[in-house]
Amino acid sequence: MNGIYEALAPLIPKQRLIPDAPMRDYTTFCVGGPADLLVDAASSAEIRAVLSACRERSERLTVIGNGSNLLVRDGGIRGVVLRIADSMATIRVEGTQMTLEAGATLSALSQAAARAGLSGAVFCCGIPGTLGGAAVMNAGAYGGEMAQIVSCVSALDGEGNAVRLCGEQLKYGYRTSALMERGLIVTEVTVQLSPGDREELLSQMTELNRRRREKQPLTVPSAGSTFKRPKNGYASQMIDEAGLRGVRVGGAQVSEKHTGFVVNAGGATARDVLALMAYVQDTVEARFGVRLEPEVRILGEE
């Protein structure tokens, strides 16, 4: 690793510098080979230190959150994986605004908003990711998306320079943003909400979570919705009508509960998952003339 561990050890506690980190332990799919070095960042200063160390040594850098929308190939990830998750997850409430570090989860956002009597973030309770990743990809569920509530995002560019984008500068679209286009590393997200009734908001969240448990395969490892919504129709409906419900490749399976999910039914490898995804894409394309596009982020080497 060209001395990167030694360069970072005086700056970052060793328990958050993890050589040969098995990525199956850092993704909700529970598959994936090792990362050469995983750094669990706790501040913007630590992120800058990682950026500087990688830049000086021409080392590859991959940024992840809590791994809920991620598939890592079985060969793992070369270089440094910068993880921004629970070590960087503080939440501040100021009137109808909330400012959250990038590692805070969307469920934590929705819970904190409801407790503060703030409306607009209920849809977030059903999304398992972190604010950083959600802000970058404009995550959404149940008719809501981040573009509706995000007002400003603080980030770092590849040189470690601070960048702040607000309003239209974010250029939100379906599962895309200016943050994604520019490859920025989100450090903090400010959301603008509106006053609401605390008990009503908590009740709405309880109902959404009930619907999720009823309709989605939450008891088995997955990365959520595997494919993006096509322009016409729904991926899950096309997959089901193509006769793919329950189809398996090795330990990977099209969920019998919700065909929009490919799940780790037990002992799956990333190769199993990728082979099943390709089979689903080919079958749906042959049936409907539509090539489904993965929503899950695929990283690493065979």
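Let's start inside helix α3. Its buried residues are Leu-106, Leu-109, Ser-110, Ala-112, Ala-113 and Ala-114. Keep in mind that this is a predicted model.

What covers those buried residues? The cover includes strands β6 (91-94), β7 (97-101), β8 (118-119) and β13 (185-192). Helices α4 (131-137) and α6 are also part of that cover.

Let's stay with α6. Helix α3 spans residues 106-115, and α6 spans residues 198-215. How far apart are their axes? They are 8 Å apart, and the helices pack at an angle of about 155 degrees. Angles over 145 degrees count as roughly antiparallel. So α3 and α6 are roughly antiparallel to each other.

Which residues make the contact? From α3, they are Ser-110, Gln-111, Ala-114 and Arg-115. From α6, they are Arg-198, Leu-201, Leu-202 and Met-205. By type, the residues of this contact divide into four nonpolar, two polar and two charged. Look at Ser-110 and Ala-114 on your screens. Both are on the buried list for α3, and both take part in the contact with α6.

One more point on this helix. After α3 comes Gly-117. The phi of Gly-117 is positive, near 70 degrees.

Now to another site, Gln-253. This residue lies in strand β16, residues 252-254. Is Gln-253 buried or exposed? Its relative accessibility is 14%. Buried means under 20%, so Gln-253 counts as buried.

What does its side chain meet? A polar atom of the Gln-253 side chain lies 3.2 Å from the backbone oxygen of Gly-246. Gly-246 is also on the contact list of Gln-253, which leaves aside neighbours within four places in sequence. Also on that list are Val-247, Arg-248, Phe-261, Val-262, Val-263, Ala-265 and Leu-276.

Let's zoom out to the whole chain. The protein chain has eight helices and 18 strands. Its radius of gyration is 19 Å, close to the 19 Å that the globule rule gives for 302 residues, so the chain is as compact as a globular protein of that length. Along the principal axes, the C-alpha atoms fill a box of roughly 55 × 50 × 30 Å.

How much of the chain is buried? Of the 302 residues, 49% count as buried.

Last, the contacts along the sequence. Take contacts between residues at least 6 apart in sequence. Of these, 64% join residues at least 24 apart. That's the tour.

Definitions and conventions. Residues numbered from 1 in each chain as written. Predicted model: local features only at pLDDT ≥ 70, side-chain atom pairs only at ≥ 80, totals over all residues. Heavy atoms only, no water. Axes fitted to C-alpha atoms, helices over the stretch in contact; angles between N-to-C directions. Helix = DSSP H or I, 4+ residues; strand = E, 2+ residues; numbered from the N terminus. Parallel < 35°, antiparallel > 145°, perpendicular 65-115°, else oblique. Contact = heavy atoms within 4.5 Å. Nonpolar A, V, L, I, M, F, W, Y, C, P; charged D, E, K, R; others polar. Buried < 20%, exposed > 50% of the residue type's maximum accessible area, 1.4 Å probe, protein only. Polar contact = N/O pair within 3.5 Å; in protein donor to acceptor, adjacent residues only side chain to side chain. Rg over C-alpha atoms; globule rule 2.2 N^0.38 Å.
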